[in-house]
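Here's a quick tour of one protein model and the ligand that comes with it. Have the viewer open while you read.

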Amino acid sequence: MVNAKRPLKLPKNKFLATFKGIAVYILIALTALVFFSGLASGVPTGDEIPLSQVVNDIKDGKVEKLELEGNKVKVDYKDKKIASSRKEEGESIYQVLKNSDVDPKVVSIEVKDLSLQNAWVSILGTVLPIVIMVVFFMLIFRQAKDAGQGIFSFGQSRARLFTKDSPQVKFADVAGVDEVKRELSEVVEFLKTPDKFKALGARIPKGVLLVGPAGVGKTLLARAVAGEANVPFFSIAGSEFMEILVGVGAARVRDMFATAKKNAPSIIFIDEIESIGRMRGMGISGGHDEREQTLNQILVEMDGFTPNDHVIVIGATNRPDLLDSALVRPGRFDRRVVLNLPDLEERKAIIQIHMKGKPFTKDVSIEKLARRTVGFSGADLANMLNEAAILAAREGKSAIDNKDLEEAATKEKLGPQRKRMQSERDRNLSAYHEAGHAIVGHFLKQVDPVHRISIISRGISGGHTLFPPTEDRSNETKSRLLEQITAALGGHAAEELIFKDVSTGAASDIEVATSIAKQMVTQYGMSALGPINISPRAMFGMWRGDEGSESSDELQAAVDREVKKILDNAYKEALALIRKHRAKLDEVAKALLEKETLESEEFEKIVGKKVTV
Ligand code: ADP
Ligand code: MG
Ligand code: ZN
């Protein structure tokens with residue numbers, strides 16, 4: 001797919017390099033300056049002696065000449081020796097001599113004028129910083145120009161323009177999401193033939209908000225709308241508005257809307273809109289001036305256009321809950337289109353699109369691949385197929401096979417394999433830990449069948465046991481959630497039973513289990529507390545925005561007790577299952593130590609077919 005983002009990294013590095021070069025020159029110049037000014041000031045040489053001795057020596061007639069430079073006193077003796085001394089600030093050498101009853105005339109006193117030298121220092125002191133600043137700004141502006149923007153372009157929008165000549169994305173490039181496409185085709189129609197709609201007095205949405213998790217194709221769809229309507233597309237990410245200078249974001253918004261209107265009919269696309277459009281007066285810092293100004297400007301601009309402007313604003317977010325309610329009021333982002341993770345059929349379609357142009361072996365089945373990838377977003381699928389192609393190429397294959405795809409899918413979710421040296425003890429521990437998850441999961445009726453067990457570490461995990469969902473479920477039940485918690489604690493339980501000791505490796509399992517248990521109690525009404533929603537405690541004494549939902553101390557304590565009860569019971573069950581199937585556990589662990597990875601068939605050979613409800 002075409003990458004919409006211009007690589008901005010390169011110029012930044014170049015800028016840094018240039019700046020470093022300049023900095024070196026400045027440093028050399030400064031060193032030279034200090035060196036030469038040191039010479040010019042005639043650093044006093046010879047021993048440093050107290051002024052009283054100088055006075056005595058003058059009295060004795062040993063001194064030829066005194067040279068004064070500020071408070072420094074250089075003493076030239078008649079026997080060609082020299083020495084240096086120092087007088088008090090503000091004290092006159094004549095006065096000192098007089099006070100000691102010495103006639104100043106017996107010695108020649110030369111006072112060097114420091115004012116000229118001081119003048120130089122002060123001129124350099126003022127000029128140098130200015131020079132440095134000028135050079136610095138010149139570099140910045142040159143940078144701005146390099147990036148295709150004129151000097152003083154701070155306030156101009158950085159929106160990227162995709163004109164009619166840019167590579168176009170069409171609805172056909174976006175798979176699945178048919179309902180969403182249907183909704184958006186209305187927008188396309190309007191942009192193509194605005195007059196038809198106006199004649200009938202139809203109210204056209206000004207703003208469409210695309211809502212959905214990361215990677216489901218929001219950005220892609222927005223571009224497809226522009227491509228279908230064949231209109232210019234101005235795109236900017238919310239985070240790009242955030243600048244150090246207050247007021248710049250608002251100026252950019254103004255500029256972007258003005259440009260879009262000039263090029264109407266057109267589309268303005270604001271990605272990651274939640275980063276500007278957060279609820280005002282919320283958050284730890286207690287509001288963000290710049291963000292509020294930017295948000296207000298967007299509201300003003302959207303209120304400002306009339307249907308005649310033929311500009312449609314599309315926003316995208318994966319956190320609609322964070323949006324300021326002012327943004328979603330009628331006349332602004334009044335149309336909301338929700339995108340979900342793709343279901344089986346949609347995954348098939350997306351896989352097909354991204355398989356194009358890649359050779360696959362004959363045994364690769366789209367159906368199987370789509371079944372294997374429940375919970376993958378469109379972006380995950382695209383990455384997976386690309387990764388598989390890279391793996392195949394690396395091994396010099398002429399086509400991508402199932403093994404590459406399997407590895408790519410695992411890598412997409414768990415990170416790349418990390419081959420690292422493991423002690424025999426660690427491997428043993430990992431083997432029993434993973435076998436524990438697998439055995440507990442296998443003998444629970446509702447947990448999905450084991451897909452693979454491995455003691456090869458990936459990402460941050462030491463090993464993994466995969467139970468990918470075998471079907472798309474829109475709902476979970478209490479009994480299924482309880483079984484999931486039990487399976488998650490299976491690793492920890494196995495460690496305790498086998499080694500009479502537990503490792504830190506179960507930390508994330510425990511986190512998962514606890515989090516499910518908490519949700520069951522506080523959101524789903526699945527505990528003795530009954531159907532009640534209990535929001536987490538406000539942080540740092542700040543309101544979360546939903547005043548009045550703060551729960552009492554007693555209720556919080558009850559929640560903690562219920563969560564603990566769920567976890568304790570699940571853990572007991574995990575221990576019981578492992579005790580009961582101890583022989584199988586040993587067998588699985590032994591096989592893991594031998595082969596490192598067990599596929600579902602190998603696992604089933606040991607434990608038998610999964611019995612489900
Ligand atoms: P989002 O903006 O929702 O985070 P993107 O639009 O950036 O997601 O999607 C990233 C990439 O994932 C796309 O460029 C595309 O390659 C792929 N992708 C996502 N959803 C789909 C889809 N429905 N059909 C085809 N490709 C998709
Ligand atoms: Mg996006
Ligand atoms: Zn584990």
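## What you're looking at

Keep in mind that this is a predicted model. So treat the distances and angles below as features of that prediction.

## The ligand site

Start with ligand 1, which has 16 residues around it. The closest of them are Ala175, Gly215, Lys218, Thr219 and His354. By class, the shell splits into 9 nonpolar residues, 5 polar ones and 2 charged ones. Which helices supply at least two residues each to the shell? They are helix H7 (218-229), helix H11 (344-355) and helix H13 (378-394).

Backbone atoms come within polar-contact range of ligand oxygens at several places. At leucine 220, a backbone N or O atom sits 2.9 Å from an oxygen atom of ligand 1. For valine 216, a polar backbone atom is 3.3 Å from a ligand oxygen, and for alanine 379 the corresponding distance is 3.4 Å. How much of the ligand does the protein bury? On its own, ligand 1 exposes 560 Å², and the protein buries 83% of that.

## The five-stranded sheet

Now move to the open sheet made of 5 strands, ordered E1-E4-E3-E2-E5, where the pairing is mixed. Its edges are strand E1 (47-48) and strand E5 (108-111), each of which pairs on one side only. As background, strands of a sheet pair through backbone hydrogen bonds, and they can do so parallel or antiparallel.

Inside this sheet, strand E2 (residues 63-69) pairs with strand E3 (residues 72-77) in the antiparallel sense, over 6 bridges. Two residue pairs make handy landmarks: leucine 66 has valine 75 of E3 as its bridge partner, and glutamate 67 stands opposite lysine 74 of E3. E2 and E3 form a hairpin with 2 residues between them, and glycine 70 in that turn has a positive phi of about 65°.

E3 also pairs with E4 in the antiparallel sense, this time over 5 bridges. Valine 75 turns up again here, with alanine 83 in E4 as its bridge partner. The E3 and E4 hairpin has 4 residues between the strands, and lysine 80 in it takes a positive phi near 70°.

## Helix H2 and lysine 59

Which strands does helix H2 lie across? Helix H2 (residues 51-59) lies across E2, E3 and strand E4 (82-86), and runs at about 145° to E2.

Lysine 59 belongs to this helix. Once its neighbours within four places in sequence are set aside, lysine 59 is in contact with Ser100 and Val102.

## The three-stranded sheet

Another open sheet has 3 strands in the order E15-E13-E16, with antiparallel pairing. Strand E15 (464-466) and strand E16 (597-599) are its edge strands, each pairing on one side only. From one strand to the next, the twist averages 5°.

Strand E13 (residues 452-454) is joined to E16 by 3 bridges, and the two run antiparallel. Within that pairing, serine 454 stands opposite threonine 597 of E16.

Which way do the packed helices run relative to E15? Helix H14 (residues 402-414) packs on the sheet, touches E13 and E15, and makes an angle of about 110° with the direction of E15. Helix H15 (residues 424-443) also packs on the sheet and touches E13 and E15, but its direction makes about 15° with that of E15.

Technical notes
Residues numbered from 1 in each chain as written. Chains lettered and ligands numbered in written order. Predicted model: local features only at pLDDT ≥ 70, side-chain atom pairs only at ≥ 80, totals over all residues. Heavy atoms only, no water. Pairing = 2+ DSSP bridges. Axes fitted to C-alpha atoms, helices over the stretch in contact; angles between N-to-C directions. Contact = heavy atoms within 4.5 Å. Near = heavy atom within 4 Å. Polar contact = N/O pair within 3.5 Å; in protein donor to acceptor, adjacent residues only side chain to side chain. Areas by Shrake-Rupley, 256 points an atom, 1.4 Å probe, with all protein chains shown as cover. Nonpolar A, V, L, I, M, F, W, Y, C, P; charged D, E, K, R; others polar.
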